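Please open the structure in your viewer and keep the selection tool at hand. The stops below are meant to be taken in order.

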Amino acid sequence: MEYIFKTYKETPILKNHLNMGGKNPVGEEINVTSRYFTRDGKPWIGVMGEFHFSRYNRSEWYRELCKMKAGGITVVSSYLFWIYHEETEGEFDFTGDNDVRTFVKDCERAGLDCVIRVGPWAHGECRNGGFPDWLLEKPYKIRCNSSEYLEKVRIWYKRIYDEVKGLFYKDGGNIIAVQLENELTDDDKHLAKLKEIAIECGLIAPLYTVTGWNSARGAKIPVDEVVPVFGGYCEAPWENHTKRLTPSPHYFFNRMRNDSAIGTDLIAKTDDDDWQLPYDRYPFATCELGGGIQVTHHRRPIIKPMDIYAVSLVKLGDGNNLVGYYMYHGGTNKIGRQSTFNESRATGYPNDYPILSYDFQAPLSEYGEVREHYGLLNMLHMFVQDFGAVLAPMEAVDAYNTVNTDDISSLRYGMRTDGKSGFVFVNHYQRLTELEDIENAVINTGNVAFPPIDVKGDVSFFMPFNMDLVGNTLEYALAQPLCRQGDTFFFAEIPNISAEYKINGKTYTDRIIEYNNIKIVTLSFEEAKYTRRLSGTVYIGNGCNLYEENGRLVSAEDGEYKCRKWNGSEFEHFTVNQPRGNTEVKIEDIAYEPFEPAYAEELNIGEERKREWKKISVSSDYGFAEINYTGDTAQIYADGSLIADNYWYGRPWRVPCRLLYGRKCYIVISEMKNDFYKED
């Protein structure tokens, strides 16, 4: 069957129409058009990953940022939670894990730009959305233009500036953007005032962003003063029920920016007026593509790698020109002097979250372990880094026939093109749904007709047509472009589709193709997941995730791995060998309760649920203790202090042995009841 597209009509690009943009001391400039962002005058697609410095140990920031860099992240975004830094009014704390200046400089050291999300309200599943308790006790309104509130905001913004002074892009630093507020969808005047105060306080960056979604027609924003950014998740912990969700629209090519479902637990419906966010003035930019999803008490999804990869690929096909993940790296909440810092029903929120764990099932876990979608997403990120200048100006074109959300038999496909060349995107994946195989699909872009392909199994991919390879025209490839090193172009073989290339009228199927001045190297899909481009060189880890730290090539996993490096003409073999330790983990039943667990009300382990206690010990601080349990909630205490917690969701709980070693540790597990959504 032939699959065609609607007619491509070029949309004019608006330039210099937004009150944004800025140069660094050497004259390089970051700016934004109506379709894409620019760096030094060239189209640019950033890859942004959320990592909360205050939810991680500062001694490990740099290492984790190096992992993010290797995973294709180019920009790190991070909330500053007001309650973390000023729990007591007038007493600011930017030391230790709250040291934002060191974090920004560690980002720079790792080769990463930075976006500071300064609030004042942040959410991020933080207590009070990040507001200190004392602010809520004030007699005036907050999150509005009341003079008393704005004076407190001014103090907060100025204090942030004092910490990061000299680190902005205009100073030669790596802070390229500031996000104002979060999920404020119906007060453009307040957002405009926040930008004004931010600039007055010194928070000056080329880009200013705000939440773009709401429950209706886009957030009310100060037009031309900020860039609206959007999101899309594969699950919805904010849904106040315990049933399976209907099929997510994020697995369909529909060019949807505004996911009105995000945050419906906290965002009120906007007034029914004539407002419509002017999308055509802004590029499609995301800040909250779900890198995973958090486990709450009442909703406990199991995130699979393709759940995340397919959404990101679909959004890229829909025109996304800033790829932003929330979260990309998990973390652990702190406990304050006066309260816990997590979101829970006990603190007035619709959801119960763990006291400590903010793992989010992210590509990099709460404790820095690499998950499979880290490598999958990097396949997209390498492509965006090398070919973003070509892709960014291309517009999304819809398939000729619309696919409904309950349709499991039709091909889901889209295209980005400039009218002559482009990329065809195909998604044959729907979370928790098996799609029917499609055979002999002929995709015709109007310029190029691809040979027939069979689309089978859980797979998402894209293929180029009329792609320029250093003066050579690649008419089509039945393979997914990954990256380049010099004049060598790397492609990934798509599962169940044999790689084939047509160059200047002739087809090729060899694994390494030499044509004129270029080489094309085809990697298996499995090899592509472990392919990294580090310091300009392409490496393939054999089952290990390679990254660079302090100029040294290392693996995220311990052990001995045989890897490969492209030397410009062929792969060289080498070995990465990192010592592997051995830790014995003992978990013993005990028949007594050593003490009353903390925060019982918030973690649903009060007297209404039976509790089971165990003693846990480890022989060294190496590695992880894998805890297989079934229950509602589990907490681990070391020397009487809560150090880790978990809502059971059907996966083993992995806790670093360094948290347990040399300490008297207990685990308490509460009784499971039929009061939450769970998956098999």
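**Before starting.** Please keep in mind that this is a predicted model.

**Stop 1: helices α5 and α6.** Two packed helices are described by the angle between their axes and the distance between the axes. Select residues 147–164, which form helix α5, together with residues 188–200, which form helix α6. Their axes cross at roughly 40° and come within 9 Å. That angle makes α5 oblique to α6. The crossing of α5 past α6 is right-handed.

Now display the side chains of this pair. On the α5 side, select Y149, L150, V153, R154 and Y157; they meet H190, K193, L194, I197, A198 and E200 of α6. This contact of α5 with α6 consists of 7 nonpolar, 1 polar and 3 charged residues. An α-helix has 3.6 residues a turn, so residues three or four places apart point the same way. With this in mind, look again at the contact residues of α5, including Y149, V153 and Y157.

**Stop 2: helices α7 and α8.** Next, select residues 305–317 for helix α7 and residues 372–391 for helix α8. At what angle do α7 and α8 pack? The angle is about 15°, and the axes are 8 Å apart. The two helices, α7 and α8, are therefore roughly parallel to each other. Here too the crossing is described as right-handed, with α7 passing α8.

To view the contact, select P305, M306, I308, Y309, S312, L313 and L316 in α7, and E372, H373, L376, L377, M379, L380, V384 and L391 in α8. These contact residues of α7 and α8 divide into 12 nonpolar, 2 polar and 1 charged.

Stay with α8 for a moment. Where does helix α8 bend? Select Q385: α8 bends there by about 60°. Is α8 mostly covered or mostly uncovered? It is mostly covered, as 15 of the 20 residues of α8 are buried.

**Stop 3: details of the backbone.** Most residues other than glycine have a negative phi, and most peptide bonds are trans. The following selections depart from that pattern.

- Select G119 and P120: the peptide bond from G119 to P120 is cis, with omega near 20°. P120 belongs to the loop between β8 (113–119) and α4 (133–136).
- Select Y326 and M327: the bond joining Y326 to M327 is also cis, with omega near -20°. M327 is in the loop between β14 (322–326) and β15 (331–332).
- Select R143, in the loop between α4 and α5: R143 is not a glycine, yet its phi is positive, about 55°.
- Select Q361, in the loop between β16 (357–358) and α8: Q361, not a glycine either, has a positive phi of about 50°. Q361 is buried, because its relative accessible area is 5%, and the cut-off for buried is under 20%.

**Stop 4: residue F230.** Finally, select F230 in strand β11, residues 227–232. Is F230 buried or exposed? F230 is buried, with a relative accessible area of 0%. Neighbours within four places in sequence aside, F230 is in contact with G212, W213, R257, N258, L277, Y279, A285, T286, C287 and E288.

Definitions and conventions. Residues are numbered from 1 along each chain as its sequence is written. This is a predicted model: local features need pLDDT of at least 70, side-chain atom pairs count only at pLDDT 80 or more; totals for chains, interfaces and linings use all residues. Side-chain values use heavy atoms; hydrogens and water are left out. Axes are lines fitted to C-alpha atoms, for helices over the stretch in contact, and angles run from 0 to 180 degrees between N-to-C directions. Helices (H or I, at least four residues) and strands (E, at least two) are DSSP runs, numbered from the N terminus. Angles under 35 degrees count as roughly parallel, over 145 as roughly antiparallel, 65 to 115 as roughly perpendicular and the rest as oblique. A crossing is left-handed if the near helix is turned anticlockwise from the far one by less than a right angle, and right-handed if clockwise. Contact means heavy atoms within 4.5 Å. Ala, Val, Leu, Ile, Met, Phe, Trp, Tyr, Cys and Pro count as nonpolar, Asp, Glu, Lys and Arg as charged, and the others, Gly among them, as polar. The bend at a residue is the angle between axes fitted to the seven residues ending there and the seven starting there. Buried means under 20% relative accessible area, exposed over 50%, partly exposed in between (1.4 Å probe, protein chains only).
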